[in-house]
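Hi,

Here is the structure I promised to pass on.

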Amino acid sequence: RWPGNVRELQNAVERGVLLCESAVLEPADLGLEVPEEEPLEFDEPSEAITMAEAEKRCILHALEACDWNQVHAARLLAIHRNTLHKKIVDLGLKPPARA
């Protein structure tokens with residue numbers, strides 16, 4: 001997300017390109033603060049699993065890490081929240097019952 005208008009974005013990109021010290025323009029080069037997110041850690045499965053099962057486990061792990069907040073989980077998985085919602089429905093995932 002860009003906090004300003006298109007003209008401000010254009011100026012920030014031009015400035016970033018001029019002042020960037022590497023070949024890749026990073027968010028910091030545009031004056032954006034990027035929050036550090038801790039990577040998800042997974043246990044290695046003891047047996048071979050299918051790609052579909054791996055995807056299901058990954059999505060479930062992200063949802064549990066975010067207390068089933070789909071917006072946060074989608075951000076953590078770097079996918080759109082609509083994509084996450086569709087996958088939840090397709091995979092038949094349900095949040096745990098609250099006591």
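Below is what turned up, from the whole chain down to single residues.

A word on the ground rules: this is a predicted model, so local features need pLDDT of at least 70 and side-chain atom pairs count only at pLDDT 80 or more, while totals for chains, interfaces and linings use all residues. Residues are numbered from 1 along each chain as its sequence is written, and side-chain values use heavy atoms, with hydrogens and water left out.

The protein chain has 4 helices and 0 strands, running α-α-α-α from the N terminus. Helices (H or I, at least four residues) and strands (E, at least two) are DSSP runs, numbered from the N terminus. Of the 99 residues, 15% count as buried; buried means under 20% relative accessible area, exposed over 50%, and partly exposed in between, with a 1.4 Å probe and protein chains only. The chain exposes about 8400 Å² (Shrake-Rupley method, 1.4 Å probe), and carbon and sulfur atoms supply 53% of that. Taking contacts (heavy atoms within 4.5 Å) between residues at least 6 apart in sequence, 35% join residues at least 24 apart.

Now the helix pairs. The axes of helix 2 (residues 51–65) and helix 3 (residues 70–77) come within 8 Å and cross at roughly 125 degrees. Axes here are lines fitted to C-alpha atoms, for helices over the stretch in contact, with angles from 0 to 180 degrees between N-to-C directions. Where they meet, helix 2 brings Cys58, Ile59, Ala62 and Leu63, and helix 3 brings Gln70, Ala73, Leu76 and Leu77.

Helix 3 also meets helix 4 (residues 81–91), with axes that come within 9 Å and cross at roughly 105 degrees. That makes these two roughly perpendicular. The contact involves Gln70, Val71, Ala73, Ala74 and Leu77 of helix 3, and Arg81, Leu84, His85 and Ile88 of helix 4.

Two loop residues are worth a click. Aspartate 67, in the loop between helix 2 and helix 3, has a positive phi of about 55 degrees although it is not a glycine. Alanine 78, in the loop between helix 3 and helix 4, has a positive phi too, near 60 degrees, and is exposed, with a relative accessible area of 70%.

Finally, the cysteines. Cysteine 20 is buried at 17% relative accessible area, and cysteine 66 is buried at 18%. The count of disulfides (pairs of cysteine sulfur atoms within 2.5 Å) is 0.

Cheers

Note on methods
Angles under 35 degrees count as roughly parallel, over 145 as roughly antiparallel, 65 to 115 as roughly perpendicular and the rest as oblique.
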